[in-house]
Amino acid sequence: TSSTAPLSGASIGDLLVRGRVRLLDNALGGLGVAVSAGVTVPTGDESKFRGDPGVGILFDAIADWRTTRTVVSLNIGTHIRTKEAQFLTATISHELTYGLGLEIFLSRDRLSVASELFGRTPVNAVFQDDSTSSLELMFGPKWWFMPSLSVQAAASAGLVRGIGTPSFRFMVGVQWAPRSED
């Protein structure tokens, strides 16, 4: 039997750069479809579980339904690791990722609140073991201080406590998402 001391504190994780392409535009409402690709760079401290030992490659398929005040989204994708991560006796490799989100706009083009249910599971053992799969629930506000630039903060709780799933997490982020003009 192995035991580890719990880790706590704040630090920066891996850098993520992601691009998205709309296949079906729903700027005026209804169904939207997009694909996304991204890369993670190992800038976090792996020994404190703030990042992976190698580069990560991300691919996602995204569908959402938009109204004037809400967006409901569904994502499914994969996280491909160039180096496997090790935690005690577990090896962490490629994963299937998924998410379901709801965003409610409180002020047009300025403020929204969002909730997201998201997780991951190993590609070679999809949902076979709670210790290797995760599920989190996140909630928080997003504020646009420029038309394409926003700041967001959120808190989340781990619902399925697989490897790497925190009991509680706080996140702050900056997002640049250019808006297309009609």
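Predicted model: local features only at pLDDT ≥ 70, side-chain atom pairs only at ≥ 80, totals over all residues.
Residues are numbered from 1 along each chain as its sequence is written, and side-chain values use heavy atoms, leaving out hydrogens and water.

**Stop 1: the sheet.** Show the strands (DSSP runs of E, at least two residues, numbered from the N terminus). You'll find an open sheet of nine, in the order 1-2-3-4-7-8-9-10-11, with antiparallel pairing (strands pair if DSSP finds at least two bridges between them). Now pick strand 1 (15-24) and strand 11 (168-176): these are the edges, each with a single partner strand, so one side of each has no neighbour in the sheet.

**Stop 2: strands 2 and 3.** Select 30-41 and 56-66, which run antiparallel and are joined by 11 bridges. Click G30 and look for R66, its bridge partner in strand 3.

**Stop 3: D60.** Stay in strand 3 and select D60. Is D60 buried or exposed? D60 is buried, at 12% relative accessibility (buried means under 20% relative accessible area, exposed over 50%, partly exposed in between, with a 1.4 Å probe and protein chains only). Its side chain makes a polar contact with the side chain of R18 at 2.7 Å (a pair of N or O atoms within 3.5 Å, one able to donate a hydrogen and the other to accept it; residues adjacent in sequence count only if both atoms are side-chain atoms).

**Stop 4: T165.** Finish in the loop between strands 10 and 11, where T165 lies. T165 is buried too, with a relative accessible area of 6%.

Methods:
Helix = DSSP H or I, 4+ residues; strand = E, 2+ residues; numbered from the N terminus.
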